[in-house]
Amino acid sequence: MPYIAAINTLFAEYDGKDYVRLPEYAGFLPRNFVRLSPVEQRKAVRNAKEAAFYLHPAPYKQRVLDEIHGLEYTPSVIVDSGGGYHCYWLLRDPVPVDEVNRADIQATQHGWVQMMGGDPGAADLRRVLRVPGTHNMKPGFGDAPPQVQFIKTDFELLYAYTELEQRVEDWLFEQRPPAATAATIRVNRPTNDVRQAFNNCHRIADLLTQHGYRLSFETENLTRLSRPGRDASSSSVTIFPPREDGAPELSVHFSSNDELYSEEYLDPRTRQVRRKAHDAFYIYVMLEHGGDWRAAYAAARAEMEHELDIGLLFSQVANAPSPV
């Protein structure tokens, strides 16, 4: 995003459907919910929450607003987006963005969204939120799309960027994960051999196209696909080839409607904002085994052993003496 030259606010988005509770959306779940794979269950829950929300948006939006009013830092501006709220914390002085500070500012914005409990999928610097005066045309609103409108505008409530940046830094330090233990490393080591072997033998594009993804184009260094339900020309998946240092082939899924959506995260070591990338084995676990890692490892190991047995059989046949 080199075209972002300055910022004058930090922001966060809050989606009303995320505040629908289990008893309120349970009635919208499919009857065979318990028999669905974990991936299918997550999709069913998302659809059920949306169904409950669009039926009666007001109480869920009120929950969002109550949470916003309890935030550590009061937003300068609150916008009702129809499906939730957008909050802006206006800065006292605009902050120029250049190649020296771009990564730090991006990290601060992402950390701010996490700290404020906003939608982590709406945290990038180039994000354009709904404009007041327009209408939210999502299908769930039917023939009565709500107008996006200001509900609070305190343009005198300004914050020093350095203050907010420091608060984010402190919060991220408090959230740091515990260091991995030697016991954890020992437990994971044996399964990594299976995962590496699987990645060496399977192409991500083949795994994805078997599950409804469509190939958009493919070159020696880049492959693009569209997610299920989209035309091949609307690609949203990028596959990067394996590297010489041993890193496997990886895919990044940019559409939030993709079951394998690559969420953005803040790398605690480099302080860079990155997207989760998936190797072939992760995709195999999610799409072939519904998120069951134990079953996936067992199946992959059995597949490897079977292929080894077949290879040995062909070797023995090839090396057998010719009949007299």
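Trainee: In helix α8, which residues are buried?

Mentor: This is a predicted model, and the helix in question spans residues 280–289. Beyond its end comes G290, with a positive phi near 55°. The buried residues of α8 are A280, F281, I283, Y284, V285 and M286.

Trainee: Which residues does F198 touch, not counting residues up to four places away in sequence?

Mentor: F198 belongs to helix α6, residues 182–201. Its relative accessible area is 3%, and because buried means under 20%, F198 counts as buried. Leaving out residues up to four places away in sequence, F198 touches L207, A280, F281, Y284 and A300.

Trainee: What distance separates the C-alpha atoms of F198 and E303?

Mentor: Along the chain, F198 and E303 lie 105 residues apart. In the model, the distance between their C-alpha atoms is 9.3 Å.

Trainee: How many contacts beyond near neighbours in sequence does the stretch 309–318 have in the model?

Mentor: The pLDDT of residues 309–318 is also below 50. Beyond near neighbours in sequence, the number of contacts for this stretch is zero.

Trainee: Is D124 buried or exposed?

Mentor: D124 is found in the loop between α4 (102–116) and β4 (149–153). Its side chain makes a polar contact of 3.0 Å with the side chain of R127. Leaving aside neighbours within four places in sequence, D124 is in contact with F11, H110 and E264. The relative accessible area of D124 is 5%, and because the limit is under 20%, D124 is buried.

Trainee: Which strands stand at the edges of the open sheet of four strands?

Mentor: The order of the sheet is β5-β6-β7-β8, with antiparallel pairing. From one strand to the next, the twist averages 25°. Two strands each have a single partner, so one side of each is left without a neighbour in the sheet. These edge strands are β5 (214–218) and β8 (250–253).

Trainee: In β6, which residue is the bridge partner of E218?

Mentor: Strand β6 covers residues 223–226 and runs antiparallel to β5, to which four bridges join it. The bridge partner of E218 in β6 is T223.

Trainee: Which element gives the most to the largest nonpolar core?

Mentor: The largest nonpolar core has 34 residues, and those with the most contacts inside it are I7, Y14, I68, Y73, W89, W112 and M116. Two or more residues come from each of β1 (6–15), α3 (57–69), β3 (84–96), α4 and α5 (161–174). With six residues, the element that gives the most is α4.

Trainee: How many residues does the second, separate core have?

Mentor: Among the members of this second core are V237, I239, F281 and Y284. F281 and Y284 are also among the buried residues of α8, and F198 touches both. The size of the second core is 21 residues.

Technical notes
Residues are numbered from 1 along each chain as its sequence is written. This is a predicted model: local features need pLDDT of at least 70, side-chain atom pairs count only at pLDDT 80 or more; totals for chains, interfaces and linings use all residues. Side-chain values use heavy atoms; hydrogens and water are left out. Buried means under 20% relative accessible area, exposed over 50%, partly exposed in between (1.4 Å probe, protein chains only). A polar contact is a pair of N or O atoms within 3.5 Å; within protein, one must be able to donate a hydrogen and the other to accept it, and residues adjacent in sequence count only if both atoms are side-chain atoms. Contact means heavy atoms within 4.5 Å. pLDDT is the predictor's confidence in each residue, from 0 to 100. Two strands pair if DSSP finds at least two bridges between them. Axes are lines fitted to C-alpha atoms, for helices over the stretch in contact, and angles run from 0 to 180 degrees between N-to-C directions. A nonpolar core is a set of buried Ala, Val, Leu, Ile, Met, Phe, Trp, Tyr and Cys residues joined through side-chain atoms within 4.5 Å.
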